[in-house]
Structure formats: C-alpha cells, structure tokens
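Hi,

Here is the structure for you to look over. My notes on what turned up follow below it.

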Amino acid sequence: MGDLFNLERALTPSERRRLRGGTQAKGYAAMPGTGPKGETCGSCGHLVRKRLAKVYRKCGLMERHWTGGKGTDVLTTAPACRNWTAIEEQPAEAAPKKAAQAPKPLPPPTDEERRVAGEAARALRAAIADPTTRGAESVVHIDLARPRRGEWWTMWANLPGFMRVNGRGGRYSHTCLPGWTYSRAEIVAEMIPDLEALAEHGVRPTEATSNASVRSAS
C-alpha cells in the first residue's frame, strides 16, 4: 500500500530513490502535484525551516502534527500542492524604535507584577554597571512563517524577561512591558524608568518618552 499522499506517483524518479533510503518525508498538507505547475514546496510561503541540530523543513499548515522525526518533514523539491501560496516579500525593516502608539490597554498590574518589575530594573542597572552580573548568555534562532524571516534571540540567565533580537543593533524588550520595544540606547533612557514606574507607582508606559542619545547598555 502506498503512503498517505501517494508520493510514488507524485515525485520524480530521483526523489523516489532518495525516499527509499529511509523514513519518508510526508508532512504535506495536500497531495504534491495538485498545485500550480512549476512551483514546489521550496517556493511556497507555508514552508518553515526549523533549525535545531540540523535544519528540518516542515509545512506550516501541518504544525499541530509536527514531530522531531523526518516523517513530518517535506521536500523543498516536491511539486506544489493545492495549498501552495506565494512567498510574501517583506519591506526592509526600519531602525528599531519604541512603539509609536500605546499597545492595547492592560489591566492594572498586580503586586507580584510590580515586585518583578522592580527586581528587573535593579538587575538591569547592575548589569550595566558590571556586565559580569548578567549571567550565562543563550542565543536561539527562530524561523517565522508570517512574516517570513528569521530572528536571533539573545537572553541572559540573571536578566529574566529581558531579550535582545538580532544583535546589538537590534531591538530590546522585557516581558514586564508587553507590546513595547526599545533601541539599545533607550534601555537606560526609557526601559529601566518604565520598569521603575511600574514597580513604584503601578503605572504602565503609554507613549515614547525620549529619543535622546544616552549612555548605552553593554
């Protein structure tokens, strides 16, 4: 009996030879070959590349069925299925800056949120004064399907909730301040004061407060 999507009839001879060597890649959302002629999984906007020990190619439409095995992979050379969609071109990203408008209003912060914000502000000030207090650094690469791009996320063991996206020139955020992003220079000028205002007065940020160039964090 053939596999779920009858790949033996859909793939080219060379692709069939590759599949016979082990577990078949059959994580397709529909039968390969039922989509636009000349298109493949590799040209589809639903293709996701998961970077772990190696790169695994998956169909984003089948995410709830993904496993760590090859059985839920797809071949980038497989003929497009009927769910094929063109890859959306993304405009060049503007220089990182704090949100121009306030995020959707959040409920008043709890005492626990205020306590955590205060600890976060103190930890950031200590890390700026002495970078060795940041703790171990961890970096992960994230593939985003929509918008289609990859990001590098950097976090530090002693700065829980604080994250840098795409290196020193990228943007910074903190889980205590959902919906807001900051440039590197704004960590001292805006992020830490926003955390302190949350901790001391229960006030969440509502608008950008400074565009001045100030002492930057390491």
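**Helix packing and cores**

Helix α3 (residues 111-129) packs with helix α4 (residues 186-201) at an angle of about 150 degrees, and their axes lie 7 Å apart. Keep in mind that this is a predicted model. Angles over 145 degrees count as roughly antiparallel, so α3 and α4 are roughly antiparallel to each other. The crossing of α3 past α4 is left-handed.

Which residues meet there? From α3 come R114, A117, G118, A120, A121, L124, R125 and I128. From α4 come I187, V188, M191, I192, L195, E196, L198, A199, E200 and H201. By type, the residues of this contact divide into twelve nonpolar, two polar and four charged.

Now the cores. The largest nonpolar core has 21 residues. Inside it, the residues with the most contacts are L124, F162, I187, M191 and L195. The elements giving two or more residues to this core are α3 and α4. The biggest contribution is from α4, with seven residues.

L195 deserves a look in the viewer. L124 and L195 both sit in the α3–α4 contact, and both are listed among the residues with the most contacts inside the largest core.

There is also a second, separate core of eight residues. Its members include A25, L47, C59 and L75.

Best wishes

Technical notes:
Residues are numbered from 1 along each chain as its sequence is written. This is a predicted model: local features need pLDDT of at least 70, side-chain atom pairs count only at pLDDT 80 or more; totals for chains, interfaces and linings use all residues. Side-chain values use heavy atoms; hydrogens and water are left out. Axes are lines fitted to C-alpha atoms, for helices over the stretch in contact, and angles run from 0 to 180 degrees between N-to-C directions. Helices (H or I, at least four residues) and strands (E, at least two) are DSSP runs, numbered from the N terminus. Angles under 35 degrees count as roughly parallel, over 145 as roughly antiparallel, 65 to 115 as roughly perpendicular and the rest as oblique. A crossing is left-handed if the near helix is turned anticlockwise from the far one by less than a right angle, and right-handed if clockwise. Contact means heavy atoms within 4.5 Å. Ala, Val, Leu, Ile, Met, Phe, Trp, Tyr, Cys and Pro count as nonpolar, Asp, Glu, Lys and Arg as charged, and the others, Gly among them, as polar. A nonpolar core is a set of buried Ala, Val, Leu, Ile, Met, Phe, Trp, Tyr and Cys residues joined through side-chain atoms within 4.5 Å. Buried means under 20% relative accessible area, exposed over 50%, partly exposed in between (1.4 Å probe, protein chains only).
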